[in-house]
Amino acid sequence: MPRTAAPPALPRLPRAADPDRRRTSASVVLRSVLEHGPVARSTIARLTGLSPASVTDYCARFTGLGLIREAAVPRRSGGVGRPHQPVDLDETRFVVGGVHVAVPYTTVALLDLRGRVLAERRLEHRHADPGPVLARACDALAGLLAGAGGRRPLGVGVAAGGWVDRDSGTVVEHPLLGWRDVPVRELVRAGTGLPVHVDGHARALVNAERLFGRARGSSSVLHLFVGNVVDAAFATHDEVHHGPRSQAGAIAHLPVPGSTEPCACGRLGCLQAELSERTLCRRACEAGVAGGSDPAALLAAARSGDLVAARLLVERARATGRAAALLLDVLNPETVVVTELGVINRPECLAALREAVGPDRAAAVVPTSFPDSVLAVAGGSVVLDVLYRDPLSASPEAI
Ligand SMILES: [Zn+2]
């Protein structure tokens with residue numbers, strides 16, 4: 001019987017029976033529901049190459065766990081578990097917590113299984129001692145969960161800049177915060193009683209783009225994060241490159257030709273020193289931009305017609321474009337996602353970024369898919385990535 005044209009297929013699976021295959025099959029089925037839901041089980045089978053019986057079995061397990069449910073579509077005939085009855089994610093039962101630790105503040109949020117931010121709070125740091133910073137984040141998370149309408153938390157994801165070792169759940173080194181060997185996973189687990197996963201924010205955002213954003217379906221994606229911290233992450237297909245002890249993506253001290261900005265490492269013209277929000281704000285203050293000490297105020301000044309503020313943002317976007325061009329030369333990704341203040345908010349900044357990248361590759365460079373909530377999404381995506389990679393282990397049954 002001829003098949004109708006299928007949407008782009010997920011990777012087909014090997015036939016050998018082993019635990020990896022089982023985990024991968026569960027992951028592929030839940031990802032298929034995320035991407036195509038509401039979707040019939042028979043369609044999932046066609047998209048994934050799994051047998052209809054196997055898809056039905058996984059869908060029954062996910063339904064039992066409360067991760068998916070039969071979509072409310074009127075049908076002509078009755079019966080339970082019919083292959084053409086569409087299934088979709090069940091957004092009513094669970095949330096995940098997201099924590100993002102930035103230099104001046106922590107963002108705490110709740111997200112649903114589609115990576116959408118349901119609630120968010122920003123906590124300014126009184127000081128950057130890790131114990132109190134993380135304790136306040138746990139308290140704020142408890143407050144958000146109390147208002148979650150009975151939805152249960154599946155876990156907490158924590159994202160930060162600097163050198164973050166995912167396997168040990170540790171912030172190994174974050175010089176701008178003054179953190180060294182901070183056992184973040186232990187501290188947040190003790191503070192919340194929930195499963196906790198920790199990763200670098202650029203890697204977290206690569207996963208967010210793969211699962212919920214514009215990079216869905218891209219064979220390779222690079223994420224460039226430009227805030228106070230400047231770092232990058234790279235994924236081919238579904239694998240995010242970590243390197244030994246998760247040190248991959250450290251681009252903070254790449255030299256920027258022509259820059260004389262002093263860096264904390266003792267050299268001049270490092271990428272992070274040149275592009276950091278602190279440098280941007282200092283330049284804005286020196287140039288007399290009102291409220292220039294705060295990035296949001298600088299953006300507001302540009303919006304209200306301050307030409308100096310607008311020029312500073314364009315210059316930073318152009319320098320970000322030169323960094324992106326360098327990384328494109330080295331890694332040649334299909335898609336480059338950039339999280340940077342001006343590029344997210346101002347078309348002229350995105351244009352300057354793309355101009356610096358060059359006409360051949362400009363179309364490959366896109367701003368973040370999460371302009372209003374990128375830090376909250378970074379935190380939540382750390383745990384959502386774990387869920388979608390191994391749904392049967394990360395699900396409530398395992399908690
Ligand atoms: Zn440096």
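Student: Why is the site of the zinc ion called tetrahedral?
Tutor: In this predicted model, the angles among the four donor atoms of the zinc ion run from 102 to 116 degrees. Four donors count as tetrahedral if all angles lie between 85 and 135 degrees, and therefore the site of the zinc ion is tetrahedral.

Student: What makes H253, C263, C265 and C270 donors of the zinc ion?
Tutor: The ND1 atom of H253 and the SG atoms of C263, C265 and C270 lie 2.0 to 2.3 Å from the zinc ion, and the cut-off for N, O and S atoms is 2.8 Å, so these atoms count as donors. Along the chain, the donors follow the spacing H-x9-C-x1-C-x4-C, and among them C263 and C270 are buried.

Student: Why is helix α2 described as largely enclosed by the rest of the structure?
Tutor: Helix α2 spans residues 41–48, and six of its eight residues are buried, so the description follows from that count. The buried residues of α2 are R41, T43, I44, A45, L47 and T48, and just after α2 comes G49, with a positive phi of about 80 degrees.

Student: Why does P153 count as partly exposed?
Tutor: P153, in strand β7, has a relative accessibility of 22%. Buried means under 20% and exposed means over 50%, so P153 falls in between and counts as partly exposed.

Student: How do you know whether D181 and H237 are buried, partly exposed or exposed?
Tutor: The relative accessible area of D181 is 48%, which makes D181 partly exposed, whereas H237, at 57%, counts as exposed, because the cut-off for exposed is over 50%. D181 is found in strand β10, while H237 lies in the loop between β13 and β14.

Student: How do you know which form the peptide bond from G37 to P38 takes, cis or trans?
Tutor: Omega of that bond from G37 to P38 is near -5 degrees, and the bond is cis. P38 is found in the loop between α1 and β1.

Technical notes: Residues are numbered from 1 along each chain as its sequence is written. This is a predicted model: local features need pLDDT of at least 70, side-chain atom pairs count only at pLDDT 80 or more; totals for chains, interfaces and linings use all residues. Side-chain values use heavy atoms; hydrogens and water are left out. Donors are N, O and S atoms within 2.8 Å of the metal (3.2 Å for Na, K and Ca); water is not among the atoms, so sites may look incomplete. Four donors count as tetrahedral if all angles lie between 85 and 135 degrees; four count as square planar and six as octahedral if opposite donors are over 155 degrees apart and all others between 65 and 115; anything else is irregular. Buried means under 20% relative accessible area, exposed over 50%, partly exposed in between (1.4 Å probe, protein chains only). Helices (H or I, at least four residues) and strands (E, at least two) are DSSP runs, numbered from the N terminus.
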